[in-house]
Amino acid sequence: MLLTLDLNDARPLHEQVAGAIRRAIGEGSYAPGDRLPPARDLAQALGINPNTVLRALRDLRDEGLLEFRRGRGVSVAGPATGAVAGRALLVQRARELLEEARRYGYGRDDLITILEELP
């Protein structure tokens, strides 16, 4: 898995790691059931703290994209279809939209107001 982080990106590192893993899954680099490298190896390759990688992995687990199995590591969850895949995609896009809104001087609450005004 080739992940890269943008040190000029204002987002926290764990969000960047989660986004990179989401992209790798979305682009087909990892299929359902495939195991990810250990968090320690990912952290070493990226030059960041293993706890940062673990936080990203937990976020992705909570979104339903990854499964943690004791003694077997972290793997991509079952077929990414339906509500789980849709939610994960929407969460990623919402994060990207919020980041863009911040670049224009808008905050989270401003963005929510804009969304509520939509028909």
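Modeller: Start with one definition: a contact means heavy atoms within 4.5 Å. This is a predicted model, in which local features need pLDDT of at least 70, side-chain atom pairs count only at pLDDT 80 or more, and totals for chains, interfaces and linings use all residues. Residues are numbered from 1 along each chain as its sequence is written, and side-chain values use heavy atoms, without hydrogens and water.

Biologist: Which residues does His14 touch?

Modeller: Leave out residues up to four places away in sequence, and His14 touches Thr52, Arg55, Ala56 and Asp59. His14 itself lies in helix H1.

Biologist: How do I read helices and strands, and how many are in the chain?

Modeller: They are DSSP runs, numbered from the N terminus: helices are H or I with at least four residues, strands are E with at least two. Here the chain has five helices and two strands. Along the sequence, they follow the pattern α-α-α-β-β-α-α.

Biologist: Is His14 buried or exposed?

Modeller: Buried means under 20% relative accessible area, exposed means over 50%, and partly exposed lies in between (1.4 Å probe, protein chains only). His14 has 9% relative accessibility, so it counts as buried.

Biologist: What is the largest nonpolar core made of?

Modeller: First, the general idea: in soluble globular proteins, nonpolar side chains tend to be buried together. A nonpolar core is a set of buried Ala, Val, Leu, Ile, Met, Phe, Trp, Tyr and Cys residues, joined through side-chain atoms within 4.5 Å. In this structure the largest one has 23 residues. Val17, Ile21, Leu36, Ile48, Val53, Leu57 and Leu66 have the most contacts inside it. At least two core residues come from each of helix H1 (13–26), helix H2 (39–46), H3 and strand E2 (73–76). H1 gives the largest share, six residues.

Biologist: Where is Glu63, and is it buried or exposed?

Modeller: Look in the loop between helix H3 (50–62) and strand E1 (66–69). Glu63 has a relative accessible area of 8%, so it is buried.

Biologist: Which side chain does Glu63 join through a polar contact?

Modeller: A polar contact is a pair of N or O atoms within 3.5 Å. Within protein, one atom must be able to donate a hydrogen and the other to accept it; residues adjacent in sequence count only if both atoms are side-chain atoms. For Glu63 the partner is the side chain of Arg95, at 3.2 Å.

Biologist: Which ring does Arg61 lie over?

Modeller: A charge sits over a ring if NZ of Lys or CZ of Arg is within 6 Å of the ring centre and within 35 degrees of the ring normal. Arg61 lies over the face of Phe68, 4.8 Å from the ring centre.
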